[in-house]
Amino acid sequence: MTATVAAVDLGATSGRVVRAEVGPATLRLEEVARFENRPVRIADGLHWSVPSLYDEAMRGVATASRMPGDASLASVAVDSWAVDYALLRRGSLLGIPFSYRDDRTARGLELVDRVIAQPQLYERCGLQRMPFTTINQLMVDRERGLLEVADRLLMLPDLFGYWMTGRMVAERTNVSTTGLMRLDEEWDTELMAMLGIPASLLAEVVDPGTRIGPIDAVTRSHYGIEGAPDVFAVGSHDTASAVVAVPMEPGGAYVSSGTWSLVGIETAAPIATPAALDASFTNEGGVDGRTRFLKNVMGLWILSESVRTWQAAGERLGLPELLAAAAAVEWAVPVFDPTDDAFYPPGDMPARIRSWFEERGQRPPQGRAEVVRCILESLAEGYARALRDAAAISGQAIERVHVVGGGARNALLCQLTADRTGLPVVAGPVEASAIGNVLVQARALGAAPATLEELRALVRATHELVEYRPRAR
Ligand code: ADP
Ligand code: LRH
């Protein structure tokens, strides 16, 4: 038996809708819609265009439901980047959700720090200190009086689920990124009381694989969605879904490489030790109760913002040409720390890279090709360091690195990752989040194998992977 399902996968760079046919030995995907995700800057800050993302997603679902094939669309699930959320009152949206790149997060960090010190916070939620964590953002909402009127908080995939079905839930892997969930995966109502965040905002927590309900008749008729697909919760944090689809075996580590690079391993339980805190490791909830023990490295964002800056100044070369030029750089370039907060806000990355080196009395890279090469070498070095730390802290040996996401298409970055880790790198699949999303739906429908290991074996058997061997240095 196979199931026909659709994934809505929203990344910070682009969103897509994928239709898939999944069975015990079948995994066939077809992209039916792709749309840009461009934040909007208005008077009070940087926001996601959430209604238009929803509109694009629903049009994609409608297309998926109307495609010729033997079976009608059985179900749909949404995954997206983590941490961002909507506040609602009596079911209506209170304002346009903010982007985690908005600079209000600096104020939020300050407000959280006044209430609880980082080591104590880490013991509770096990999250790496990042500006964007939901609790920081909520503290700014609180200061502005928004929490006095809001009666519900929904993470963005849960908001879409609510709009499709009328039911409000809190999918577990995504709420694990909020700072509001304890390491034992219960809501941390004690911390919320300390921060002045009302616990009544929270919705019922559900696990990946839970059926939320059918898409309602009004939504189906407005968008022309055929049949009566169910909506499921999956690993609605895109990285949780991506990790489901990492074709790894024991000894495997991953780099989920897109706007961000999430570098780490899967563990049976969280590791919130002082060593993990010192190395800035995060413990996020995985599908089937696993832990994603990983580090957020700034990722291809540094490259895409550089390209955007150059193009705004009249540069005509696109990413493929710039990568080819970077591959031809045969001399050593310096490396910067790609986890430095300086690279977090939108802006002129080449200028920030220059300042990073100048502030340390070092010669910055010169010209486009050297700058691109420097970004990629710095990311690869950041991955290598994070993987060494992950192995040392967890005691889990790492023998192979899997790169999934859009960054798996970047052959130079994959090769540099092999060189700098000294480990074989296996690139692919590119659409790991969408694949993890459809696999968990199909499993809930009884059409896909039961264990994560079997699901990963299915990915290995059905996808072409490219291997990069470390070169002598
Ligand atoms: P997200 O899910 O965060 O939106 P993706 O996984 O789609 O991100 O990855 C987007 C990134 O993938 C781009 O910023 C780009 O650097 C990289 N990428 C996509 N296609 C290619 C390509 N053909 N060659 C090299 N890099 C690519
Ligand atoms: C990647 C991602 C990452 C989060 C960040 C906000 O898309 O979900 O796992 O840390 O976005």
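Colleague: Over residues 253-444, what percentage of the chain is helix and what percentage is strand?

Modeller: This is a predicted model, in which local features need pLDDT of at least 70, side-chain atom pairs count only at pLDDT 80 or more, and totals for chains, interfaces and linings use all residues. Residues are numbered from 1 along each chain as its sequence is written, while chains are lettered from A and ligands numbered from 1 in the order in which they are written. Helices (H or I, at least four residues) and strands (E, at least two) are DSSP runs, numbered from the N terminus. Over residues 253-444, the chain is 46% helix and 16% strand.

Colleague: Which domains does the assignment give for the protein chain?

Modeller: Domain bounds come from an automatic or database domain assignment. For this protein chain the assignment gives domain 1 (3-238) and domain 2 (248-428).

Colleague: Why are helix 12 and helix 14 described as roughly perpendicular to each other?

Modeller: Axes are lines fitted to C-alpha atoms, for helices over the stretch in contact, and angles run from 0 to 180 degrees between N-to-C directions. Angles under 35 degrees count as roughly parallel, over 145 as roughly antiparallel, 65 to 115 as roughly perpendicular and the rest as oblique. Helix 12 (residues 319-327) and helix 14 (residues 367-394) are therefore roughly perpendicular, as they pack at an angle of about 85 degrees.

Colleague: Which residues come nearest to ligand 2?

Modeller: A residue is near a molecule if its C-beta atom, placed from the backbone, lies within 6 Å of it. The shell around ligand 2 draws at least three residues from each of domain 1 and domain 2. Of its 15 residues, the nearest are Trp81, Ala82, Asp238, Thr239 and Trp260.

Colleague: Which residues are closest to ligand 1?

Modeller: The shell around ligand 1 also draws at least three residues from each of domain 1 and domain 2. Of the 15 residues that surround ligand 1, the closest are Gly11, Thr13, Gly258, Thr259 and Gly406.
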